[in-house]
Amino acid sequence: MILFVSDLHLQPARPVLTEAFLRFLDEHALGAKQLYLLGDIFEYWAGDDDLPDPFHQQIVSALRRVSDAGVQLFWIAGNRDFLVGEAFAAAAGLTLLPETWVIDAYGQRIVLVHGDAQCTQDVKYMAFRAQVRQPEWQRQFLSMPLAQRKQIIAGLREQSKQGHAEKSYEIMDVTPEAIADVFAQTGTAIMIHGHTHRPALHEVAGTRRYVLPDWEPESTPPRGGWISIATDGIIVRHALDGTIL
């Protein structure tokens, strides 16, 4: 079985969320063939020199245990953790992928993205994204002391919260044109992504787009889940409470 998950936003302040993810790894990922982590696994990532942090070590060790069991782990960066690098990948035993990736899953060609690059109506975010994804910007940012980087990220997160309150529902979602472009450029008809926190299955003009949920196990009812593809090619959406969507 192949599994896909995204938008956990792991952080030390949310132990219930951490336990839910660790339980997912033990009860589901350990028995999989492959696990794709499609972005925003962490609430933020300031750089691989933050690997020694005890919380990060806990998550990395859990991923490494899955990898060491023979499960192939793959990572596509999100808008919160795009600074994850090769040191993290080596420690966790996973492979870093480009922001758009096509897989052959039991006879089906599927394109994987995080989803933020397809929110093209959010002009301010797209300009910010273009800046921070430049290698030179990342080199300069990562050359700063870790504590300074964390302060900058904290400020950006606060600005993001304020900005979301001012943006419409439509602006923060993917645009049909951007999705159609990905399908056309990759020659696929199935897509899996996260980012929008709007889990659903969209069927348009012969294409299927599966949107992964964000994880809020503390809420009532709990939010969260993952997608699986079995050897027969059937794609299933799983809720965190064990139900099939």
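How much space lies in the second largest pocket? In this predicted model, the volume of the second largest pocket comes to about 220 Å³. Its lining consists of D173, V174, T175, P176, I179, A180, F183, H202, V204, A205, T207 and R209. Helix 7 (176-186), strand 8 and strand 9 each contribute at least two residues to this lining, and helix 7 provides the largest share, with four residues.

Two residues from this region may be examined individually. A205, one of the lining residues of the second largest pocket, belongs to the loop between strand 8 and strand 9. Its phi angle is near 50°, a positive value in a residue other than glycine. Is A205 buried or exposed? The relative accessible area of A205 is 79%, so this residue counts as exposed. D181 is a residue of helix 7, and its relative accessible area of 43% makes it partly exposed. Although D181 and Q118 are 63 residues apart in sequence, their C-alpha atoms are 9.3 Å apart in space.

The residues that line the largest cavity are N79, F82, D116, Y125, F128, R129, V132 and R133.

Five strands make up an open sheet with mixed pairing, in the order 5-6-7-9-8. Why is one side of strand 5 (100-105) and of strand 8 (200-204) left without a neighbour in the sheet? Both strands stand at the edges and each has a single partner strand, so one side of each has no neighbour there. On average, neighbouring strands of this sheet are turned by 20° against each other, direction ignored. Strand 8 and strand 9 (residues 207-211) run antiparallel and are joined by five bridges; within this arrangement, L201 stands opposite Y210 of strand 9. The loop that lies between strand 7 (190-193) and strand 8 contains H197. Phi of H197 is near 60°, again a positive value in a residue other than glycine, and with 31% relative accessibility this residue is partly exposed.

A further open sheet, also with mixed pairing, is formed by six strands in the order 4-3-2-1-10-11. At its edges are strand 4 (94-96) and strand 11 (235-239), each of which pairs on one side only. Here, too, neighbouring strands are turned by 20° against each other on average, direction ignored. Four bridges connect strand 1 with strand 2, and these two strands run parallel. V5 has L37 of strand 2 as its bridge partner. Helix 1 lies across strand 1, strand 2 and strand 10, at about 155° to strand 2.

Which residues have the most contacts inside the largest nonpolar core? They are F21, F24, L25, L35, L63 and F88, in a core of 41 residues. Strand 1 (2-5), helix 1 (15-27), strand 2 (34-37), helix 2 (54-68), strand 3 (72-75) and helix 3 (86-92) each give two or more residues to this core. Beyond residues up to four places away in sequence, F21 touches L8, L10, L37, I59, L63 and W215. A second, separate core has 18 residues, among them I76, I103, A105 and I235.

The last stop is strand 10 (residues 225-229), which contains I227. Is I227 buried or exposed? With a relative accessible area of 1%, I227 is buried, because buried residues are those under 20%. Apart from its neighbours within four places in sequence, I227 is in contact with I2, L3, F4, I192, Y210, L212, I235, V236, R237 and H238. By contrast, a separation of 33 Å lies between the C-alpha atoms of I227 and G155, which are 72 residues apart along the chain. In the loop between strand 9 and strand 10 is P221, which is joined to T220 by a cis peptide bond with omega of about -5°.

Methods: Residues are numbered from 1 along each chain as its sequence is written. This is a predicted model: local features need pLDDT of at least 70, side-chain atom pairs count only at pLDDT 80 or more; totals for chains, interfaces and linings use all residues. Side-chain values use heavy atoms; hydrogens and water are left out. Buried means under 20% relative accessible area, exposed over 50%, partly exposed in between (1.4 Å probe, protein chains only). Contact means heavy atoms within 4.5 Å. Two strands pair if DSSP finds at least two bridges between them. Axes are lines fitted to C-alpha atoms, for helices over the stretch in contact, and angles run from 0 to 180 degrees between N-to-C directions. A nonpolar core is a set of buried Ala, Val, Leu, Ile, Met, Phe, Trp, Tyr and Cys residues joined through side-chain atoms within 4.5 Å. On a 1 Å grid over the protein atoms alone, a cavity is a set of points where a 1.4 Å probe fits but cannot get out, and a pocket is an open set with protein on both sides within 12 Å along at least five of seven lines; lining residues have an atom within 4 Å of a point. Grid points are joined across faces, edges and corners, and a volume is the space filled by probe spheres set on the points.
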